[in-house]
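Me: I would like to go through this model term by term and ask what stands behind each label that is used for it.

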Amino acid sequence: MVTTAPILMDTRPVAPASTFRPTTTTPAAAGPGAQAAPAETLIDIDHVDFFYGATQALHDVSLRIENRKVTAFIGPSGCGKSTLLRCLNRMNDLIDGTRIAKGSIRIRGVDIHQHDVDVIELRKQVGMVFQKSNPFPKSIYENITYGLRLQGVNNKARLDEVVEKSLRGAALWDEVKDRLDASGLGLSGGQQQRLCIARAIAVEPEVILMDEPCSALDPVATAKVEELIQELRTRFTIVIVTHNMQQAARCSDKTAFFYMGKLIEYADTRDIFTKPANAQTEAYVSGRFG
Amino acid sequence: MSTPTPSHVFQANLTPARRRESLIFGLFGGATYLVLLCGALVFGTIIFKGAGTVFQAKAPFINTSFLLDAPESLHVFQFEGKKMELGDRAFRLFQAEHPEVAKLKQESYIYSAGGIFPCIVGTLLLVVGSMTIALTLGVSAAIYLNEYARDGMFIRFIRLAILNLAGVPSIVFGLFGFGMFVIFFGWNVSLIAGWFTLAFMVLPVVITASEESLKAVPKGFREGSLALGATKWQTIRKNVLPYALPGILTSSILGIARVAGETAPIMFTAAYVVRDKLPWQVDKFSDFFFQGVMALPYHIYVVSSKIPQNEYTERVQYGTAFVFLVLVAMIATTSIILRNHLRNRYKW
């Protein structure tokens, strides 16, 4: 069941991130078809109302995101899917006047909006890949090691190891291994996005949030990122926001459909796309609106 | 010749709108070239008249005495049928050899011989010190305003205050510095009083420009860094400030030109008409900060308006102005090279 380590509390000095990884996990070989062990809830979103100033962006949203699964948030623009995603690592804190008026978001049982939660620790655990790829104007190597250096890791051998591992993990190693000192901005759009994914996994988070990671990419680059998501699902819990319904259908296990700030339907991806329970969902996934 | 008949449908003909257009363009162009002409005249005069003082026909082609000596009085007299022009020191040596000179009719002109070395040093010291203070305070304030402060009435008031400060005449800064640093803090006429006065004068420019540079750094860099578990300060230090630095430097180039050039703020706070000792000739280290200095713009002011004018002082006036222009150009060039270097390093 739930690991004993109470994560996300501001209990510095903290154990290294890897200890938060459940050590007893069975190799999660669960593909979209396999129904193995009962799904373990990692993130529990409980009746959340969210406001930008006076504007309510989320209305009573409740859903449970399962560990080591890919969860897709779909819905038309302005439906609140990105807002919810950014609640999960508290990126909304950066915007003045935002607040969760009601409800809670718990990760492994810890309410992440409590005052005693260290948002820095939280973000180490819940990484993020943005819509617009944002490699830093530094070398590829420095991009990957950025997060680790923040944590005070300066051992060259260790950094080298992480760089290779992360780049391999992001399926980018073979393309860039000879030019790690080149600027990350010299890469193509798709490579830049994979670099950002590599940068996120370098700090070994538990969850990776992806905010429309492919919206600026061409189909070939998109396919590569989707392939990558398939590989990462065994090691990370992934929440992906996408405009692209085919993408949700192709690479997620569970799909949540949002409309006007409300969660309309949340189910296995197969079910959402083949036998949606809700008429609005059906209309959206069949392309009749949105 | 008969009136030309249009040979094709797009035949050009001079309609009133078209005539007005050429007139307007002519005016705009004229205004631009007039500015250019003024600039060329100013620089041309100074270079033409100043170069004669700074350069010389024989090797090493640069008048090293003008650049490396202190100002002296010029003595002009007739000696054995020859017209002699000697600086103070040379005159004394000459007099030792020819005591009869004392009886000759001679004219002396203050500050018209020697050089302007103490002024160059003083101006450099003033620029370096005040820009250090202005950049430290200005960048800090810009970081606070742009990255930390939440927009509200108070912040808007601060911004308004900064804008107003930018419009305050430099003589007012000079009086402020005199009242605050020279009198109230008891620093007397000193380098440190001048540094702070000049720094306060350019602070609004530095703050505003630094804020703009910080704003120009894409939000994605900040978000990307924060999402990796960086604190705000780590993000700013490692992933915002380095990219904003070229822009901040650009603004400081303007600041340098102003700090080096303003006379009013230093005339009560830091500048001496003349000082025999060089700034590093102090008894103890702390005295360094509490000494007045000579400065190029103030020296120009003194030799142009405080002493009797004649053909000899003109050489010093234009020579000093020329050196001053070259000095500012050199400092600015250094900053531009530094900026371009940084820009190439962090490009996005």
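This is a predicted model: local features need pLDDT of at least 70, side-chain atom pairs count only at pLDDT 80 or more; totals for chains, interfaces and linings use all residues.

Me: Why is A170(A) called buried?

Reply: The term buried applies under 20% relative accessible area, and A170(A) has a relative accessible area of 0%, so it is buried. Leaving aside neighbours within four places in sequence, A170(A) is in contact with R194(A), A198(A), I201(A) and L228(A). The C-alpha atom of A170(A) is separated by 37 Å from that of A101(A), a residue 69 positions away along the chain.

Me: K69(A) carries a charged side chain in its name, so to speak; what makes K69(A) buried or exposed?

Reply: The relative accessible area of K69(A) is 18%, and because this falls under the 20% limit, K69(A) counts as buried. K69(A) is found in the loop between β2 (55-66) and β3 (70-74) of chain A, and, not counting residues up to four places away in sequence, it touches A39(A), F236(A), T237(A), I238(A) and D253(A).

Me: Why is helix α1 of chain A described as largely enclosed?

Reply: Helix α1 (residues 81-88) has eight residues, and seven of them are buried, so the helix is largely enclosed by the rest of the structure. The buried residues are K81(A), T83(A), L84(A), L85(A), R86(A), C87(A) and L88(A). After α1(A) comes R90(A), which has a positive phi, near 55°. For chain A as a whole, buried residues make up 53% of its 290 residues.

Me: How do you know that R222(B) and E147(B) form a salt bridge, and what does this pair tie together?

Reply: The N to O distance between the side chains of R222(B) and E147(B) is 2.8 Å, and the limit for a salt bridge is 4 Å. R222(B) belongs to helix α8 of chain B and E147(B) to helix α4 (residues 117-148) of chain B, so the pair ties together parts that are 75 residues apart in sequence. Both R222(B) and E147(B) are buried.

Me: What makes E211(B) and R159(B) a salt bridge, and is each partner buried or partly exposed?

Reply: The closest N and O atoms of E211(B) and R159(B) are 2.3 Å apart, again within 4 Å. Because E211(B) lies in helix α7 (residues 191-216) of chain B and R159(B) in helix α5 (residues 153-166) of chain B, the pair ties together parts that are 52 residues apart in sequence. E211(B), with a relative accessible area of 6%, is buried, whereas R159(B), at 26%, counts as partly exposed.

Me: Which salt bridge joins R150(B) to chain A, and what is its distance?

Reply: The side chain of R150(B) meets that of D96(A) at 3.6 Å, N to O, which lies within the 4 Å limit. Across the interface of chain B and chain A the rule finds two salt bridges, along with four residue pairs in polar contact. On the side of chain B that touches chain A, α8 (219-227) and α9 (232-239) each supply at least two residues, and the largest share, seven residues, comes from α8(B). Chain B and chain A bury about 1900 Å² between them, 61% of it on carbon and sulfur atoms.

Me: Why is the charged end of R199(A) said to sit over the ring of F136(A)?

Reply: The charged end of R199(A) is 3.9 Å from the centre of the ring of F136(A), and the distance limit is 6 Å, with a further condition on the angle to the ring normal. The charged end of R99(A) likewise sits over the ring of F51(A), 4.7 Å from its centre.

Me: What makes F285(B) and F288(B) a stacked pair?

Reply: Among the 28 aromatic pairs over all chains, F285(B) and F288(B) have 0° between their planes and 6.5 Å centre to centre; planes under 30 degrees apart count as stacked. The rings of F285(B) and F289(B), by contrast, have their planes at 90° and their centres 5.5 Å apart, so that pair is edge-to-face. F285(B), at 64% relative accessibility, counts as exposed, and F288(B), at 18%, as buried.

Terms used:
Residues are numbered from 1 along each chain as its sequence is written. Chains are lettered from A and ligands numbered from 1 in the order in which they are written. Side-chain values use heavy atoms; hydrogens and water are left out. Rings of Phe, Tyr and Trp (its six-membered ring) pair if their centres lie within 6.5 Å; planes under 30 degrees apart count as stacked, over 60 as edge-to-face and the rest as tilted. Buried means under 20% relative accessible area, exposed over 50%, partly exposed in between (1.4 Å probe, protein chains only). A charge sits over a ring if NZ of Lys or CZ of Arg is within 6 Å of the ring centre and within 35 degrees of the ring normal. Buried area is the accessible area (1.4 Å probe) that two parts lose on being put together, summed over both. A polar contact is a pair of N or O atoms within 3.5 Å; within protein, one must be able to donate a hydrogen and the other to accept it, and residues adjacent in sequence count only if both atoms are side-chain atoms. Helices (H or I, at least four residues) and strands (E, at least two) are DSSP runs, numbered from the N terminus. Contact means heavy atoms within 4.5 Å.
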